[in-house]
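Open the model in your viewer and keep the selection tool at hand. We will go stop by stop.

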Amino acid sequence: MRYVRWFEEVGVGDVPLVGGKNASLGEMVRAMRDEAIRVPDGFATTAEAYWAYLDANGLRERIGKLLDAWQDGQATLQETGDQVRRLMLTGRFPDEIAGEIEQAYAELSGRYGTKEADVAVRSSATAEDLPTASFAGQQETFLNVVGAAEVVDACRRCYASLFTDRAIAYRQDQRFGQMDVALSCGIQKMVRSDLACSGVMFTIDTETGFPDVIVIDASWGLGELVVQGEVTPDEYRLYQPMLAYPGYRPIIEKTLGAKTRKLVYSSGVARTKNVRTTQRERELFVLSDDEIMELARWGDAIERHYGREMDMEWAKDGESGPLFIVQARPETVESRKTATELRTYELKAHPEPLVTGLSVGRGIASGEAIVLKSASEMDRFEDGAILVTGMTDPDWVPIMRMASGIVTDHGGRTSHAAIVSRELGVPAVVGTGNATRTLPDGREVTIDCSQGERGLVYDGKVPFETHDVDLGQVREPRTRIQMNVASPAAAFRWWRLPVKGIGLARMEFVIGEVIRIHPMALARFEQVKDTKARAEIERLTRGYADKREYFVDHLAWGIGQIAASQYPEPVVVRTSDFKTNEYAGLVGGAEFEPAEENPMLGFRGASRYYSDRYRDGFALECAALKRVREVMGLMNVIVMIPFCRTPREADEVLAVMAENGLRRGEKDLEIYVMAEIPSNVVLTEEFAKRFDGFSIGSNDLTQLVLGVDRDSGILGPLFQEDDEAVKSMIADLIRRAHASGTHVGICGQAPSDHPEMAVWLAQQGIDAISLNPDSVLDVMRLVAESERKPAVAGRR
């Protein structure tokens, strides 16, 4: 056939023939069969069919004149787009083209054993899905199209959609000639995801550019609501390199989305309808772990085939059960940035936010909030303002181009608002739930997307600074420089820093901010008497038959993300080190914690782990750590025990860990101890027999060496981590630990607050210095400069 090609007849080199979307579908059908990747069958009209349609209806010259008039300022974009689309829709397909479309549709229906197959008719422009310009959402897609006449009519409407206002404006911005682009229609068998689920998948972290993660968004029904941002989907993340090892299941995050609506088939003229999901659907994860793994392996294979990061759409068939890939295109934003680019933003004040949501981008922006209900209100919007709306679709793009920031009520990280804001380089906070009701129209606000996954909107103009660094010019010292992190978001935010691992990953953030429930209240839920606490625990753990699994899952996901951000470099994870008053503040915690006069020196750290008061809670921590190492495959995790007072206590803790499947030396497991008590230094050799490394906690060590409460305002001037007595203890520990063949690092605050202390530590021969992320580059420069001087004897 002259005007039609089956998907299996085209490949990635056929963009001029069938457009980017259809060329990619053909490439997957032809090349990915050996990977067992399922792609629904279909065919494409050719670019020649498009030009023949224009010429048969005498449209080429007439459309060209209308577009020239617009470019000369003689007509508005809206007037021009409307006139061109009317011309396109009044055209008639030549009999030969219509006949080939009808013939191919009949054959496609026969392949699926039906007289009239339900198909999707998608637009595929010859300048679409390129590595440098996505053109995502610029043209139309029509779902659940049935019958040959309807298919031909949908193709006509696809042709007209090449001249939507947004598509005309995008081509102009991207400097494509308006009449140089042709359109191919892809006619593809529908996947009955209206009876199951669908979503999108990226083989790169679309927020931070971290290249070794696969992100999957999933929601019930047809996929358009996810793309449009009308629903907040589930989100799953996997550590991509571990997919190469069949024994591992590297799911490092699962976030339950609200999923309040879904798009399903309709027998009406519209062919689809938007309905509310059930309570059960909202409370369930859309995909099973096996399905998440299957999609991720497909994404990995597709990325390897194309040789670049990819953006894909997938769907699950609710009638037959299997998953399908329905689209694949290059990711066009983060993948084009270099790994040596680092721009950081620093907010100079931290007021209470007005609303919060998911952050898109890493920037900060201030401006007047303008709340719009629809894109037709464009004349109200002003350059540099903050756009606040329920959700966006391609009609909003002209307004979004004018905005300095974007805030939406609905949507996830793969919604239209998120995708376009990334491409525009504009910070956005999506999925706030209530921004249009909370943010006053005309009020100055500040959007902050610099804090990680959580985006915040503040009242007024909050001052901030930006810093640009070319990491390619950073000189790395011989001394291992690591960083301290608390949250998974921070680990991904700072992945570009040239550090050699994480010297301190604090477990407390994940427990306090994500899990929020006292582990003993989950291990012994039957003992929780407080009715409010019981109700909150039931709410947070809904969907979990075993409440302990809620804790293990979320802690493992948090640790897994931190470990993945630096793999294969070591990541030292400290077991929980809350004080009793902090533990009591967790949901259900008050019933399991004693009241103490001085929690800083009380029931904390190692002493909890073998006590009947917390042993069951510590078992959950161990289970999460074991899962990260042995199920996710992140064997770079080193476990560290805090506040271990005596060698005997060390023996007790190590025995409990072994009971819970974490035995030192087995499966290359290393266990460190915090050196933060004078006894750790006095008995260096005894602790070195029991642990693989020391990490100096300079805060507590200073407190206990000098006898100064580190939280005392009155004694603040006496609390000096670079005091000679403290430095003497540290130097002694380094010397004696090295004599015992044991690693020594520091994860305390001292070298971050006092960079000259880092230089001194390097001179003592310390193995690793772990710093706050914002101190890394300055300290790295100072240490590298000091190392250019004559080397100090005794370095390991």
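**Stop 1: Lys189**

Select Lys189. Beyond the neighbours within four places in sequence, Lys189 is in contact with Pro40, Asp41, Leu108, Tyr112, Ala117, Asp118 and Val119. Contact here means heavy atoms within 4.5 Å. This is a predicted model, where local features need pLDDT of at least 70 and side-chain atom pairs count only at pLDDT 80 or more, while totals for chains, interfaces and linings use all residues. Residues are numbered from 1 along each chain as its sequence is written, and side-chain values use heavy atoms, with hydrogens and water left out.

Now show the side chain of Asp118. The side chain of Lys189 makes a polar contact with it at 2.8 Å. A polar contact is a pair of N or O atoms within 3.5 Å; within protein, one must be able to donate a hydrogen and the other to accept it, and residues adjacent in sequence count only if both atoms are side-chain atoms.

Is Lys189 buried or exposed? Its relative accessibility is 14%, so Lys189 counts as buried. Buried means under 20% relative accessible area, exposed over 50%, and partly exposed in between (1.4 Å probe, protein chains only).

Next, draw a distance to Phe43. Lys189 and Phe43 are 146 residues apart along the chain, and their C-alpha atoms are separated by 9.4 Å.

**Stop 2: along strand β5**

Lys189 lies in strand β5. Select residues 183-189 to see this strand, which also holds Ser184. Helices (H or I, at least four residues) and strands (E, at least two) are DSSP runs, numbered from the N terminus.

Centre on Ser184. At 1% relative accessibility, Ser184 counts as buried. What does the side chain of Ser184 reach at 2.4 Å? The backbone oxygen of Thr45 is there. The side chain of Ser184 also makes a polar contact with the side chain of Asn22, at 2.9 Å. Show the other residues around Ser184: leaving aside neighbours within four places in sequence, its contacts include Val18, Gly19, Ala44, Arg122, Ser123 and Ser124.

**Stop 3: Val429**

Jump to residues 428-430. This is strand β19, and Val429 sits in it. Val429 has 0% relative accessibility and counts as buried. Not counting residues up to four places away in sequence, Val429 touches several residues, among them Thr356, Gly357, Leu358, Ile406, Val407 and Thr408. Ile447, Cys449, Gly455, Leu456 and Val457 are also among those it touches.

**Stop 4**

Select residues 508-515, helix α15. Which residues of this helix are buried? They are Glu508, Val510, Ile511 and Ile515. Colour the partners next: the buried residues of α15 pack against α14 (488-493), β24 (502-506), α17, α18 and β25 (571-574).

Arg516 has a positive phi of about 75° although it is not a glycine. Arg516 lies in the loop between α15 and α16 (519-523). At 32% relative accessibility, Arg516 counts as partly exposed.

Go on to Thr541. This residue lies in the loop between α17 (531-540) and α18 (547-564). Thr541 is buried, with a relative accessible area of 1%. Leaving aside neighbours within four places in sequence, Thr541 is in contact with Ile517, Leu522, Lys547 and Tyr550.

Then find Pro568, in the loop between α18 and β25. Look at the peptide bond from Tyr567 to Pro568: it is cis, with omega near 5°.

**Stop 4: Asp668**

Select Asp668, in the loop between α22 (647-659) and β27 (671-675). Phi of Asp668 is near 60°, a positive value in a residue other than glycine. Asp668 counts as exposed, at 68% relative accessibility.

**Stop 5: zoom out**

Show the whole chain as a cartoon. The protein chain has 29 helices and 30 strands. Its radius of gyration (taken over C-alpha atoms) is 30 Å, close to the 28 Å that the globule rule gives for 796 residues, so the chain is as compact as a globular protein of that length. The globule rule is 2.2 Å times the number of residues to the power 0.38. Along its principal axes, the C-alpha trace spans about 95 × 55 × 50 Å. Of the 796 residues, 59% count as buried.
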